[in-house]
Amino acid sequence: MLKVTHSKTSSNTLLVFVVLSFVLHLGFYSASKSLAASIKKEYKPMVVRIDRIEPPKPPPPPPKEEVKPKPKPKPKPKPNRKPKPNKVTKPPEEKPPEPVKEVFGVTKDTVSNSNSSVAVRVGNTLNKEMEKKATKVAEIKDLPPAPLQPVKSYKLTTQPGRSHWNTLPQYPEAARRDEIEGVVIFLVDIDERGTIKRIKLSKSLRKDLDWAAVNWLKKQRFTPGKIEGKPVPVKGIRVPIRFTLD
């Protein structure tokens, strides 16, 4: 059996401890109150200035390197093209005249001028065989005149002459320096108007002299040769050209 007893000494001690704690708290309270009053009297308002601090600016970007443009490729040379000829409108081609039909017989003029009572075939030529069937006179046309054939000079009744041959061939300097003299002979064909159509060298002297004579002869003109007063083309006219030093 447990027995609890209460001691008078312990109660006194507790009372002392409570009183002492109260005194200490009261003293601490008084000291803190006086200290707070003294601090309040000495307090001065303090102005605090707060400046806005801007963030530092970023450094400028490094300068860009200049990029050199690539050189343009040289244009390729264009091939030389021949210029296209201008289009020329061709005139409408004329149809060649239809050839005249050859009909055996004498010409109409011969029949009309004849007083003969003999019946003859009317046509435009006698240089062919007679047709089995006669052609109507109204359909017969005259043949064009045949081109004149050149004749030899000995057949002429009037020989061709030299028309206005007052100039002389130019003497080549090389031949003059070499003192070359002589005769160049040509055979010339002319038409019924006296125009030179063909030149043939018959006797040569020297090449430069031959050419000088030819170039001069091309510019000359003849009077036409004639047979019974009618001009005819002539072939094989002998033309000597003499080169003589002064």
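The lining of the largest pocket has, by class, eight nonpolar, one polar and three charged residues, where Ala, Val, Leu, Ile, Met, Phe, Trp, Tyr, Cys and Pro count as nonpolar, Asp, Glu, Lys and Arg as charged, and the others, Gly among them, as polar. This is a predicted model, in which local features need pLDDT of at least 70 and side-chain atom pairs count only at pLDDT 80 or more, while totals for chains, interfaces and linings use all residues. Residues are numbered from 1 along each chain as its sequence is written, and side-chain values use heavy atoms, with hydrogens and water left out.

**Largest pocket**
- The largest pocket has a volume of about 200 Å³, a pocket being an open set of points on a 1 Å grid over the protein atoms alone where a 1.4 Å probe fits, with protein on both sides within 12 Å along at least five of seven lines.
- Its lining residues, which have an atom within 4 Å of a point, include Arg162, Trp165, Tyr171, Arg176 and Trp216.
- Strand β8 (residues 234-243) gives the most to this lining, with four residues; strands are DSSP runs of E with at least two residues, and helices are runs of H or I with at least four.

**Second largest pocket**
- The second largest pocket holds about 160 Å³ of space, and among the residues that line it are Glu98, Lys101, Asn124 and Thr135.
- By class, four nonpolar, two polar and four charged residues make up the lining of the second largest pocket.

**Phe22**
- Phe22 is found in helix α1 (residues 8-42).
- Phe22 is exposed (over 50% relative accessible area, with a 1.4 Å probe and protein chains only), because its relative accessible area is 56%.

Key
Buried means under 20% relative accessible area, exposed over 50%, partly exposed in between (1.4 Å probe, protein chains only). Grid points are joined across faces, edges and corners, and a volume is the space filled by probe spheres set on the points.
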